[in-house]
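Biologist: Please take me through this model, beginning with the strand pairing.

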Amino acid sequence: MTAILVTGGAGYIGSHACKALRAAGYTPVTYDNLVTGWRDAVKFGPFEQGDLTDRARLDQVFAKHRPAAVMHFAALSQVGEAMNEPGRYWANNVGGSLTLIEAAVAAGCLDVVFSSTCATYGEHDNVVLDEETPQQPLNAYGASKRAVEDILRDFGAAHGLRSVIFRYFNVAGADPEAEVGEFHRPETHLVPLMLDAIEGKRAALTVFGTDYDTPDGTCIRDYVHVCDLVDAHVLGLKWLEAGKASRVFNLGTGSGFSVMEVIEHSRAVTNRAVPYQTGPRRAGDCTKLVSGSTRAAAELGWQPHRSDLQTMISDAWRWHQSGHYEA
């Protein structure tokens, strides 16, 4: 089977991508330094431990597996941390990606599917983002992802490298079969934090801001089911296999869900109350951040079939009750 190098394949999204690739007839080769990933999450193909900044190690892996393409997820991704430690984000996300791309080109691997972010757009409150929205990132995380997009463009012009870039907001849910799931230490994402609170594993969830101009006063964010997201990445890979040109796609529902909607659906799914408290707005939080996916639907045939709250929370809850990884 055709090998695909999956950077960050031991992480939340990367591990789900490996399962999707395996189901689609590929051999996913995970490349991960295990700083935030988990060895136990590597279940669907070979594992190669290494860092993105280690060119010699990357050269070894490319020579050994001869992947036809790279699916690039590996990145630091915490906005608060990026505000406080921008140098770490530029060194890892940009420096590491540059080293990876140089190694890929040297190995003759010229197809890259890149997991970017809607954080490259910056603050565009109460609009539905599309691929033409101006990119004005507000922190080193969004800026580093935009920089990698620029690197891919320039290597395309110079070396014939082709890329499919996906931009999206929040990811939720888990593999419906609970083979892999979302497990961070520390945890920062709303759905697993909420499920931890339901199970008494942490104190009450804090809802930051209840006076936004939304139907229930809480801010609205776009969520995509992790399985829908990785399905798009496989479609992006097939796009490149078909010889098509580099392309950018946004992935979203176009509407989003408020924090209170997420809490209410969690109560319905788990049949348990969600302990929460309210707090003041956080600096920089927008009222509504959502993305459309018109281009992905029209050109890739992608639809977010599992990206409703009932399904995302049900799948996350199934994983949450039994799923964890050992360091």
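Modeller: Opposite Ile-220 stands Ser-258, a residue of β13. This is a predicted model, in which local features need pLDDT of at least 70 and side-chain atom pairs count only at pLDDT 80 or more, while totals for chains, interfaces and linings use all residues. Residues are numbered from 1 along each chain as its sequence is written, and side-chain values use heavy atoms, with hydrogens and water left out.

Biologist: In what sense do β10 and β13 pair?

Modeller: Strand β10 (residues 220-221) pairs with β13 in the antiparallel sense, over 2 bridges. Two strands pair if DSSP finds at least two bridges between them. Helices (H or I, at least four residues) and strands (E, at least two) are DSSP runs, numbered from the N terminus.

Biologist: What is the strand order of the open sheet?

Modeller: The order is β6-β15-β10-β13, an open sheet of 4 strands with mixed pairing. Its edge strands, β6 (128-129) and β13 (257-258), each pair on one side only.

Biologist: What is Phe-166 in contact with, beyond its neighbours within four places in sequence?

Modeller: Its contacts (heavy atoms within 4.5 Å) include Val-113, Phe-114, Ala-232, His-233, Phe-249 and Leu-300.

Biologist: Change of topic: how far does helix α4 reach?

Modeller: Helix α4 (residues 86-106) has 21 residues and reaches 29 Å from its first C-alpha to its last, close to the 30 Å expected at 1.5 Å a residue. The expected span is 1.5 Å times one less than the number of residues. Buried residues of α4 include Tyr-89, Asn-92, Gly-96, Leu-100 and Ala-104. The elements against which the buried residues of α4 pack are β1, α2 (55-65), β4, α3 (79-84) and α5 (140-159). Just after α4, Gly-108 takes a positive phi of about 80°.

Biologist: Which residues does a cis peptide bond join?

Modeller: It joins Arg-185 and Pro-186, with omega about 0°. Pro-186 belongs to the loop between β8 (170-172) and α6 (190-198).

Biologist: Where does Ala-178 lie?

Modeller: Ala-178 lies in the loop between β8 and α6. Its phi is near 60°, a positive value in a residue other than glycine. Ala-178 is partly exposed, at a relative accessible area of 23%.

Biologist: And Asn-271, buried or exposed?

Modeller: Asn-271 counts as exposed, because its relative accessibility is 71%. It is found in the loop between α8 (259-270) and β14 (276-279), and it has a positive phi of about 60° although it is not a glycine.

Biologist: Finally, what does His-189 touch, not counting residues up to four places away?

Modeller: His-189 touches Glu-182 and His-184 on that count. Its C-alpha atom is separated by 8.5 Å from that of Ala-172, 17 residues apart along the chain.

Notes:
Buried means under 20% relative accessible area, exposed over 50%, partly exposed in between (1.4 Å probe, protein chains only).
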